[in-house]
Amino acid sequence: MSYETLVFEKRDAVAIVTLNRPDAYNALNAQMMTELTHALRAIEADDEIGCTIITGSQKAFAAGADIKEMASKSYMDVFMADFITANWEEASRTRKPLIAAVAGYALGGGCELAMMCDIIIAAENAKFGQPEIKLGVIPGAGGTQRLTRAVGKAKAMDMVLTGRRIDAEEAERAGLVARVVPTEELLDEALKTAETIAELSRPAVMLAKESVDRAYETTLAEGIRFERRVFHSLFATEDQKEGMAAFVEKRSPQFKNR
Ligand code: CO8
């Protein structure tokens, strides 16, 4: 499939998906979300790819759902079409890791898309916000939930009730982003991180991601039990044998992803 609203690129084991609607600050319209869903499914099915970067431009990761497209919709339109769920959840369903490389605005659905990713790396000029309240609605793709889990109730309420934006430094202090890098180095840093992940044992990486995600959905005791089972199961992989043998033999491991 050829894409009109995003650019899809493969660099060895890393996929880079660049949101590309420069005239609208990468506002997420239906076409872009359909194309993103398609790209993410293709990545999941591609054995060569071990990690994906989702990024935008230096001005905007994405300034939210496309307000012009949404403005005239009725309750029946959004309810019957299952607006959001139908096309917006793919990033949160992927089993391989996703890195959001965020420069400029990540607002509304843009911030929510970044939060569906596993690691957010922010450029110094990044700005995060959930401004939906100013449009007479609320976040609809996980903003009230993922943001609260990431930054806690105090800051989530501050952002969701007022629409206040936070800059990259505040986002890092609050725990929303993993790290902040100079804007011009954003893609290189994201690429280095993605390459590091893509070189590791894929089953271990996928299960590590699933285990961390489990922490959001279960009790501590259940989560620890889940982690233990996963830890034990990895001793059934060739990669565990290889990883530990390589350490003992003082060489780099050659993982086979099995
Ligand atoms: N939707 C549509 N068009 C947009 C959007 C958007 N979210 N953001 C910017 N644009 C367009 C503008 O309309 C303008 O287009 P035009 O030149 O044709 O008038 C162009 O991008 C440039 O924008 P501005 O002139 O406003 O540029 P500024 O530099 O002055 O401001 C901002 C940049 C701060 C990013 C500003 O454009 C802005 O506030 N944008 C809206 C941000 C927002 O409210 N986002 C939340 C949207 S609602 C949402 O995301 C709900 C998600 C729920 C899940 C989604 C389900 C589908």
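In which helix is Ile 67 found? In this predicted model, Ile 67 belongs to helix H2, which spans residues 67–70. Its relative accessible area is 43%, a value that makes Ile 67 partly exposed. Computed along the sequence, 66 residues separate Ile 67 from Met 1, and the C-alpha to C-alpha distance between the two is 26 Å.

Together with H6, H2 is one of the elements that give two or more residues to the lining of the second largest pocket. By class, 16 of the lining residues are nonpolar, four are polar and four are charged.

The largest pocket has a volume of about 1,000 Å³. Among its 35 lining residues, Met 116, Cys 117, Asp 118, Asp 213 and Tyr 216 lie nearest the centre. Several elements each supply two or more residues to this lining, including helix H6 (109–116), strand E7 (119–123) and helix H11 (202–214). The greatest contribution is that of H11, with 10 residues. The lining consists of 22 nonpolar, four polar and nine charged residues.

Attention now turns to the aromatic rings. The whole structure contains four aromatic pairs. One of them joins Tyr 25 and Tyr 105, whose ring centres are 5.6 Å apart and whose planes meet at 70°, so the pair is edge-to-face. This pair links distant parts of the chain, 80 residues apart: Tyr 25 is in the loop between strand E2 (14–19) and helix H1 (30–45), and Tyr 105 is in strand E6 (residues 105–107). Tyr 25 is partly exposed at 39% relative accessible area, and Tyr 105 is likewise partly exposed, at 23%. Tyr 75 and Phe 79 form a stacked pair, with 5.7 Å between centres and 10° between planes. Both residues lie in helix H3 (residues 75–80), four residues apart, or about one turn of the helix. Tyr 75 counts as exposed, with a relative accessibility of 57%.

Charged side chains also lie over aromatic faces. Lys 73 is placed over the face of Phe 83, 5.4 Å from the ring centre. Arg 214 lies over the face of Phe 226, at 3.9 Å from the ring centre.

How values were computed. Residues numbered from 1 in each chain as written. Heavy atoms only, no water. Buried < 20%, exposed > 50% of the residue type's maximum accessible area, 1.4 Å probe, protein only. Phe/Tyr/Trp six-rings, centres within 6.5 Å; stacked < 30°, edge-to-face > 60°. Lys NZ or Arg CZ within 6 Å of the ring centre and 35° of its normal. 1 Å grid on protein atoms, 1.4 Å probe; cavity = no way out; pocket = protein on both sides within 12 Å on 5 of 7 lines; lining within 4 Å. Points joined across faces, edges and corners; volume = space filled by probe spheres on them. Nonpolar A, V, L, I, M, F, W, Y, C, P; charged D, E, K, R; others polar.
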